[in-house]
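Subject: Structure handover, aromatic contacts

Hello,

Here is the structure for your files. My notes on its aromatic side chains follow below.

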Amino acid sequence: MWDDAFPSFLIGLREGLEAGLIVSILIATLVRADARARLPQVWTGVLAAVAVAMSFGAVLTFTAASMPQTAQEAFGGTLSVIAVAFVTAMVFWMRRSARGLSGELKEKVTGALAMGSGVLILTSFLAVGREGLETALFLWTTAQAAGESAGPLTGAAVGLVLATALCWGLYRRVLKINLTKFFTATGAVLIVIAAGVLGYGLRDLQEGGVLPGKTAYAFDLANSVDAGSWYSTLLQGVLNLTPTMTWLQVVAYVAYLAVVMTLFVRGVRTATPKPARERPAREPKADRPARRRPVWVLPAAVVAVPAVIAGLVVALARPKPAGDQTVAVSETECGKGFTAPKPGRQTFQMRNTGGKTSEVYLVDPSTNAVYGEIEGLAPGTTRDLVATVAGGTYAWRCVPTGGKAVTSKSVSVSGGGAVKPVVPVSEQDLAAPLKAYKTYVGQGLATLVAQTRTLADDISGNHLDRARTDWLTAHRTYSSLGAAYGTFEDFDKKINGRADGLPDGDQDKDFSGFHRIEYGLWHGQSAKDLTGPAQQLTTDADGLRKAFPSQDFDPGDLPLRAHEILENTLQFELTGDTDEGSGTNLATADANLAGTRELLTVLKPLLTPRAPKLLPTVDADIARVQKLLDAAHDGDHWTPVDKLDATDRQRLNGATGQLLEDLSVVPDLLEIRKSA
């Protein structure tokens, strides 16, 4: 978040200082002209400029959100390029005009005083409005690049507050700033930031299909650069430099930086403008007696008018939902009332007119791919189904409880770009991966039984040093079977239960399994104290091995476990919460990672056709986490979590978090759907 805040802080500070200086000069000129009564007119113009800028930001945000994904990319990329042009022009203009800004504005204000209140309002509006529109556009593009708005908005707010304080100090003559040096320094930094925004914008245009070269990468460092590290996050947030960039991005970045920075450093060596001669303000004509309108009317109007116009633009620009298209669902008829929808984001009112609860899917009948779905639509109820429609063939498929699937007639839609539906998965599709994984678990349990017997023999023979080594070996084997934990029933609590929640904690009589033995081995308990728990662990492991083939393994658990294993790793192992003295949480995390890798291997045939880019991304994430874990492992010794360097720990957490984020789509991609 905070790395994304810096560019916005700088633009907020600079644009805020520009606008603030202009307002300060306007006010000072009026005060010196003994025209304090005209100050409300200045503030009215400022208020109007702020309202227009905020309305402009709202239009950008809400109209873009209603577009198809490719259109959003093209729209965002275009505005990013425009924002770079504005920022570049602003940097050069302010560097050239900073010295003569005061005289130029004083001359305009003096003229406005003689021409009436409307001109004075317009002068302040135009002076501030440009900065406001530039700020809104730059903030929007920065938020798009960051993928979130909290950081950019926070940075801009801090910059604006600081700019306000500086302008007040300058106005009150309690602060002196060399404006030429200030705008030169900030201009140079903004040029570097703008180069990154340009690269990001061009990438968006490539993603939106406007520019070619989407897959022509100049470099791809995803496998060697830790995307979760502080330096990678900082470079991406501030400079928009990413581990993977196309040739177009790189060439544009370098060319912009080389040309613009060279011109900026050389400077525009124009003569210092002479201060404008102040002309005495003409006395305004005596106002005729007239009905005075309330003082709040004009300020309210200048805020309301832009807001109303922005609302109309958003309302007209957003595609109208097909809420008037009610589609009937029943066990004998599906899709009654369905007509070909228009491209774009649509809302369908699904009404169950039958007597059974039904699953409802909007599908491509030729491939069974799902565009949208409702689960458990009860009889007599109506629910909205929202889906994005593009060119293609569409039909409704209704699957009533205990009944057969019913498919509506299909309709064709032309135009509107492309939408990637989800190809459904059936229990049969998951049968082969489930069989392969059960074989893996069965082999692992057989190994586990042998290893726990070795551990028990070590302890009964009073070879406690050897027992510590064999304990870790056995525990790592069990930790690599994480996707099957849900089928282990009470065995998991006996084999790998924790002391948390037990009345007497580590001393509780019901504390058993690996962590009970770990506590004893690393807290000086004798072989006599640990013989019973070790023998019980062997008995429980053997009982699980015998029971597993007959236990119910839900096929739907496989996709869910793809990210749940590492969720537990991040929550318990990488925090050290499960450590009972051995300091081997990272060894357990390593085993969890191996289990996740095995699970993804059996799911690969289903994932590859549904998300071709997912597994290469996940493989790179896994390699990054593995590299960090290997760095904490030296022979038989694993660095305890609490002994990790703060930077290394942050890097490991970040890499694991990124892996989890990339794995989070697997359950949805491989969810068992009755439409299949």
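There are 12 aromatic pairs in this structure, which is a predicted model. I looked at two of them, both involving W471.

In one, W471 pairs with F514 in an edge-to-face arrangement, with 6.4 Å between the ring centres and 75° between the planes. W471 belongs to helix α12 (residues 464-479) and F514 to helix α14 (residues 514-521), so this contact ties together parts that are 43 residues apart in sequence. Is W471 buried or exposed? W471 has 0% relative accessibility, and since buried means under 20%, W471 counts as buried. F514 is also at 0% relative accessible area and is buried.

In the other, W471 pairs with W522, again edge-to-face, at 5.5 Å centre to centre and with 70° between the planes. W522 sits in the loop between α14 and α15 (527-547) while W471 is in helix α12, so here the parts tied together are 51 residues apart in sequence. W522 has a relative accessible area of 29% and is therefore partly exposed.

Which residues make up the aromatic cluster that includes W471? Y437, Y440, W471, Y478, F488, F514, W522, F548 and F553 form one cluster. Both partners described above, F514 and W522, are therefore members of that cluster along with W471.

One further contact involves a charge and a ring. The charged end of K494 sits over the ring of F491, at 5.7 Å from the ring centre.

Regards

Conventions: Residues are numbered from 1 along each chain as its sequence is written. This is a predicted model: local features need pLDDT of at least 70, side-chain atom pairs count only at pLDDT 80 or more; totals for chains, interfaces and linings use all residues. Side-chain values use heavy atoms; hydrogens and water are left out. Rings of Phe, Tyr and Trp (its six-membered ring) pair if their centres lie within 6.5 Å; planes under 30 degrees apart count as stacked, over 60 as edge-to-face and the rest as tilted. Helices (H or I, at least four residues) and strands (E, at least two) are DSSP runs, numbered from the N terminus. Buried means under 20% relative accessible area, exposed over 50%, partly exposed in between (1.4 Å probe, protein chains only). A charge sits over a ring if NZ of Lys or CZ of Arg is within 6 Å of the ring centre and within 35 degrees of the ring normal.
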